[in-house]
Amino acid sequence: MDSKNVYERLEHLEQQNKRLHKILLILVLGLTTLFIVGAKAGLQDVRFDEITAGKITIVDDQGNRLIEIGVDEAKGTGMRILNKEGTRLVGIGVAADEAGSGLLIADNEGRARFGLGIDMGVPSLALTDENGKKIIGLGGDERGYGLVIMDGDEVERAGIGFKEGSTGIAIYDDKGRYIRGMVHDSGGLHYSSYLDSNGKEVFIK
């Protein structure tokens, strides 16, 4: 085989190689475009059997964060629902040590107004006013249950409870001191009491 034939064959192979590169490039670009367009068109029809992630953020069409789901080794696992201004309205989570879990609902200013949770096995509920002061507390366990009403300074003003078969109602003054109450004990005895002007408790059967 002379040098001319070798040159011609090499040139022919080079031309074939260039054509193959062009074809491959067209195929890759075509498949990529098809994938992107198809994915964009079917975003609302996509189904995933399992997603593994450390954090998930859901946004609206304007990019505003509306839902955040995540795990923090120090704080625990939780989810936050936000308004379009990024203010937390609802929060739900489990403590890192798993000793407690809870639900929190806030107003449009982000102030916590309602809380429901379990801490060390004890369920409780709390309501707060617009200043963030606790005004109602409810909770208990197998030892007893109670409801407490407080004023704007978180001073206890009234309470009702049940413990070991006895039921009681109490009223307190603006310093949180007991002034009047009623009791029905586990033995069937019932009475009321109040504090006189000297601070002595007076019982009435």
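The side chain of Asp107 reaches the backbone nitrogen of Glu109 at 2.9 Å. This is a predicted model, where local features need pLDDT of at least 70, side-chain atom pairs count only at pLDDT 80 or more, and totals for chains, interfaces and linings use all residues. Residues are numbered from 1 along each chain as its sequence is written, and side-chain values use heavy atoms, leaving out hydrogens and water.

**Asp107**
- Asp107 sits in the loop between β5 (100-106) and β6 (112-119); strands are DSSP runs (E, at least two residues), numbered from the N terminus.
- Asp107 counts as buried because its relative accessibility is 14%; buried means under 20% relative accessible area (1.4 Å probe, protein chains only).
- Leaving aside neighbours within four places in sequence, Asp107 is in contact with Arg88, Leu89 and Arg113; contact means heavy atoms within 4.5 Å.

**Strand pairing**
- β3 (76-82) and β4 (88-95) pair in the antiparallel sense over seven bridges; strands pair if DSSP finds at least two bridges between them.
- Gly76 stands opposite Ala95 in β4.
- The hairpin of β3 and β4 has five residues between the strands, and Gly86 there takes a positive phi near 85 degrees.
- β4 and β5 also pair in the antiparallel sense, over five bridges.
- Gly93 has Gly102 in β5 as its bridge partner.
- The hairpin of β4 and β5 has four residues between the strands, and Glu98 there takes a positive phi near 60 degrees.

Terms used
Buried means under 20% relative accessible area, exposed over 50%, partly exposed in between (1.4 Å probe, protein chains only). A polar contact is a pair of N or O atoms within 3.5 Å; within protein, one must be able to donate a hydrogen and the other to accept it, and residues adjacent in sequence count only if both atoms are side-chain atoms.
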